Amino acid sequence: MSHSNLYAIPKNEPQPTAEVSHYVIETDRLDLSYGRKKALDQLSLRIPRGRIHAIVGANGAGKTSLFRVLLGFQSPTGGRASILGHDCTALTQRERARIGFVNEEHSIPSWLRVDEVVAMQRRLYPQWNDARYRGVIGHFHVQPEQRIAELSRGERAGVNLAMALAQQPELLILDEPTLGLDVVAKRAFLETVLSSVEESDTTIIYCSHQMEEIERLADNLIILERGELKHMSPPDEFCERVQLWIAEFPLFAPELEALPGVLQCQRIDGLFHFVVLDQDDGFGALLERHGARRHQRGAVNLDRAVNAFLARGHATPEEERELR
Amino acid sequence: MKDLFVSEWRRFRRLALIAGGGHCLALLFLSRATNVLQLSYESQGLMLILYMVLGLTLALVQVGSYRKPSQWMWLIHRPLPPARIFAALSLSALVMLSLVVFLPLLLFVLLTDAFTTHVVDMRHYVALFYALAFTMMAWCAGALAIGSRNRITVAVLVAPFLLAMHLASVWALLLPVLVCLAWLTWIAMHSFRADRSASIARSGVLLLTALPLQMGFFLLVFHLSKVALSAAEIMASNAQPSETVLETDPNAVATLRSLSQDSFTRGLEGSQDPRAAAWREQIPLLDVVDLVPDLARFPVRDQIGNLPASWWDSKRSIEWTFSHDRMMFHGRDPKTGADRGWWGVTGAGDQNAFEQIPAFGMSSHAFFAIDDETQRQHELMHLPPGEWFAGRPVRALGRILVLTNRRVLAYREDRQAVSKFAPLQLDWQLPTDEGRDQPPAVSVVELLDGWLVKIFYFAPKEMDGFESLVEPWQQVVYVDATGQATVVGTRRNIRGIDVTLGSPPLVPKASWWLSPPLYALARWPGSALDRGLTQPPQLAPLPVVPAFYPVAAALMTLSFALGWWWLRGARISAGRRWLWLASCAILGLPAFLSLVCLEPRATRA
C-alpha cells in the first residue's frame, strides 16, 4: 500500500496502536461557531508526532479556538477532534499530564514565589525533569525566591516555558508565547524551544504572527484562514510555491483578473511586484503578452510569502488606486 | 491538590487574618452595646446575610480570578480531576471563612461562656455551624456562577434562604442545612469542568442544578414582582412618597376605624332577637375589647432564633434571660455583670425547670403572674391538654379576657382571696369550635345585663405586609349574667370587610400564579420546620383566587413556548428535550430561566 500523504509512516517504523497514535492531533470536519460567526469551518487536520509545527493565520483565523477545542475547553459544534489519540471532549488528567500548554498571557499565580510554583508543578507531573527546568530557566536569569508578580513579562514567559518543558510533555502547545516579549527575551525563548526539541521527542505546536520565528523554528507550516485549512507543508515547500515577479509596464498595467495566481501586487519605484502562487515560467510569458517591457523572477522569504497569501484579495482602496 | 490548597491559602491568608480580626473587634464592640447572644432573630438574620455576602464575595474574588479563559485553562489543564481542583479551592475557602466567620464567633461564645455571667447555651455553639454552613453555601453559589456558562446562576443563592430564619430547634435544622450545603457543594463541584459553555451532560447533575436554580429564580421573581407591583400602584395612584397606600384610601381607613363596632352592629342586622335593635344603638357608645389571635406558636427548646424570652426587673436591676439548657431564667445585673441566680417555676432561687419556654409571661398552656415584692411566680391559669393560648390575655372591662384555640374565657379576680395572686375565677366561657384551623378574632362588649361577643371566623390567610381576610363570617353571641350563651346574630358572605392593610391590593395576588408548584414547594420548609413561636405569626398561604387561573395557565404556556423556541435545533436527546419542556410547562417561567442558564442555544447558520 502506497502512502501519498506527506506524513505517511515508513514501513520499517512501528505502526500506531490504539494507545499511541501516529498523529498528535487529528480533526475531522471540525466546526465551531460562536453564534453566527464560524471560528472553525470543516477543518480536517492531521499533525504527526515529532518536530515543530507552526500554525499561522490572520486574527480570527481560528488558531486559539482550535487550541481551545483540542484541550477540551470548547465543544465543537460539528465534526470530531482528537489529541494524542483521545477524544478532545473527554480528556482525563492522564492525558492532560502529557500535554503542555503555554499561552501569551503566561498565567501563573502572581501571589506565589517562583520556587513555590515550580514545587507545585513538580509534584503534579510525575515526569518532571529538574535538569531541564534548570537548563531552560538559566536563559532567563530568574531567581527562585522572586515573586511571580515581580517578574517581567519575558521572565514570566521563561518560567512558564521552563515549567512546560520540564513536564516532558509529548505535545507542547505554544499559543503566541512571545507576544509582547523584547528582543532578548524572545531570542532566549526561541533558543530554548529549539534546543529542547533537539533533546527530546516532544511535538511542539507553535502559533505565532512572527514569521521570522516560524522560519527559524518550524518544520511544518499550517495556514488557517477563517477557520479553514489553507495549506500544510514544510515552510520551504510553501516558499517554493510562492514567487515574486517584478515587471515594468511602459504603457498600462494589466488587469489583475487576467493574471492567474496573483496573491499580491505592489507598485514600487514604477515597477510592478507580483507575488504569485503556484506559477511556473509561463507567468513571465504572460506578463510579456500583457505589455511588460521586462520582467524578472525572484524568490520570496516566508514572511512575505505568508503575508501575501493571507492578504490576497484584501487590497485596500489605496493599493487598488496605486496599481491603476 | 494539597499544593493548590496551600497556594490559595497563601493568597488570601493575610486578608483572612485581617477580616477575622475585624470581625472579632466588631463582636467586641457589639457586646459592649448589647447582648450579642440574645440578639433578636431579625438581627441574627442580618448578621447571617452579612456572612453570606462575605462568602459570596470570596467566591467572586477567588474563583472569579480564574474566570478569564486563559486563567481557567491554567487552573483546569493539569493532571488533576476537576473535582479535586474544586476540593482544593473549596477547602481553602472553608479554612479562610472559618478564620473570618467561625473562629471569631467561637472565641466570642467561649469567652462569654467562660468569663461572663451571660447565658450561653448549647444552641449558641451549634448556631455557629449554621453561620459557617450558610457562608459556605454563598461561596458555593458564587463558585457555581463562575463555573457555569451563565453568571446568572448565582440566583441559586436565594434558595438556601428557605432554610434560614426558621424558628425551629437547632437539632431539627441540622440535617436540612447539611443536605442543602452538600447539594450546593455537589453542583458547584460539577460546574468545575474544562468546557464551561457546554451543557451539563449527566441528567442527574442537570436536575439537581436546575431545581435550586428554579427555586432561586422563583423567589427572586416573586419578591421583585411584589416590589414592582407596589411601585407601579403607588405611581399610578399619584400618591406622595411619604404617604402610605392606606392613607390614600379613605374607604379603607373608615372601614378600619369602624371595624369593631361596625361589624358588631352589622352582625346584629339580621337578628331575630327583640333586643337586637337596642344593642345596635348601644354598641357605638360602648368600649369594644378585641382579642386578636396573634400567637400562632410558642418557642421550642434549643430554638435557633432568639425570641423575647428575657424580662427586666427594674426594681432590683436584674435582667432575666432564659437558658434553654437549664429551662430556667438566669439573672444578671447588666451594670456590674454580677450573677443573680436562677429563676425556676415558682420564682427566684427555685431550681425546678419550666416544662415549656415561657414568653410574654406565659407558655402555651400556662399564664403566670410575678410578685415583684417576693420574686415569686404564680400560675394564674393552666389550660388542659390540646388547648393553648391564641393571644395574650387582656385585662379589660373588669375581667381578664382570654382567647385560646378553642374558647373565649372571661376570668375575674377573686376579691375575697387573701393573696392577690390567687387562682382566677372563671366568669363565663364560649366555645369557638368553628375556627379549629385558625382561631377566630373576638370582640367583647359589656352590657348592663350581660355580654355581647362577636366571633369573627376567617379562612387561612397570608400575612406578608398585608392582611387579607378570606371568606369571613361572624357570629354575635349574647352571654347573660349567669354565663348562658345564645347566638343572636350570624352574618355570612361578608364582602365589605375584605380589606387590605398597608399594601396595594395587587400585591397579595402576586404570588402563586407565577409558578404554583414552586410556590407550594417554597412554603414547605416553613410548614415542616417552624415549630417555634413566630412573631408576626406565620400564616397559611393565601387561597387560590380563581380569577388568576388563566394567568397561571398563560404563563405556563408562555414558558413552554419559550422553552420550545430555545431548544429548537438543539442537539440534545429527545428525553432531555421533553424533560425541559415539561418542566417549563409545569414550573413556569423560573424553569425557562434555568433552561437559558443551563442549556446552550443551538447555533443558527
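**The A–B interface and the aromatic pairs**

Chain A and chain B together bury about 2,700 Å², and 57% of this lies on carbon and sulfur atoms. The model is a predicted one. The size of an interface is often given in this way, as the accessible area lost when the parts come together. On the side of chain A, the residues that lose the most area to chain B are Phe73(A), Trp111(A) and Leu124(A), which together account for 25% of what that side buries. The contact involves 31 residues from chain A and 28 residues from chain B.

Polar and charged groups also meet here. Between chain A and chain B there are two salt bridges. Arg123(A) forms a salt bridge with Asp3(B), with 2.5 Å between the closest N and O atoms. Across the interface, 10 residue pairs are in polar contact. Helix 2 (93–96), strand 6 (99–103) and helix 3 (114–124) of chain A each give at least two residues to the side that touches chain B. That side of chain A consists of 13 nonpolar, 11 polar and seven charged residues.

Next come the aromatic rings. Over all chains, the structure holds 21 aromatic pairs. The pair of Phe272(A) and Phe274(A) is stacked, because the ring centres are 6.2 Å apart and the planes stand at 15 degrees. Phe272(A) and Phe274(A) are both buried. In chain B, Phe222(B) and Tyr519(B) form a tilted pair, with 6.1 Å from centre to centre and 50 degrees between the planes. Phe222(B) lies in helix 7 (residues 203–236) and Tyr519(B) in helix 12 (residues 516–529) of chain B, so this pair ties together parts that are 297 residues apart in sequence. Both Phe222(B) and Tyr519(B) are buried.

Key: Residues are numbered from 1 along each chain as its sequence is written. Chains are lettered from A and ligands numbered from 1 in the order in which they are written. This is a predicted model: local features need pLDDT of at least 70, side-chain atom pairs count only at pLDDT 80 or more; totals for chains, interfaces and linings use all residues. Side-chain values use heavy atoms; hydrogens and water are left out. Contact means heavy atoms within 4.5 Å. Buried area is the accessible area (1.4 Å probe) that two parts lose on being put together, summed over both. A salt bridge is a side-chain nitrogen of Lys or Arg within 4 Å of a carboxyl oxygen of Asp or Glu. A polar contact is a pair of N or O atoms within 3.5 Å; within protein, one must be able to donate a hydrogen and the other to accept it, and residues adjacent in sequence count only if both atoms are side-chain atoms. Helices (H or I, at least four residues) and strands (E, at least two) are DSSP runs, numbered from the N terminus. Ala, Val, Leu, Ile, Met, Phe, Trp, Tyr, Cys and Pro count as nonpolar, Asp, Glu, Lys and Arg as charged, and the others, Gly among them, as polar. Rings of Phe, Tyr and Trp (its six-membered ring) pair if their centres lie within 6.5 Å; planes under 30 degrees apart count as stacked, over 60 as edge-to-face and the rest as tilted. Buried means under 20% relative accessible area, exposed over 50%, partly exposed in between (1.4 Å probe, protein chains only).
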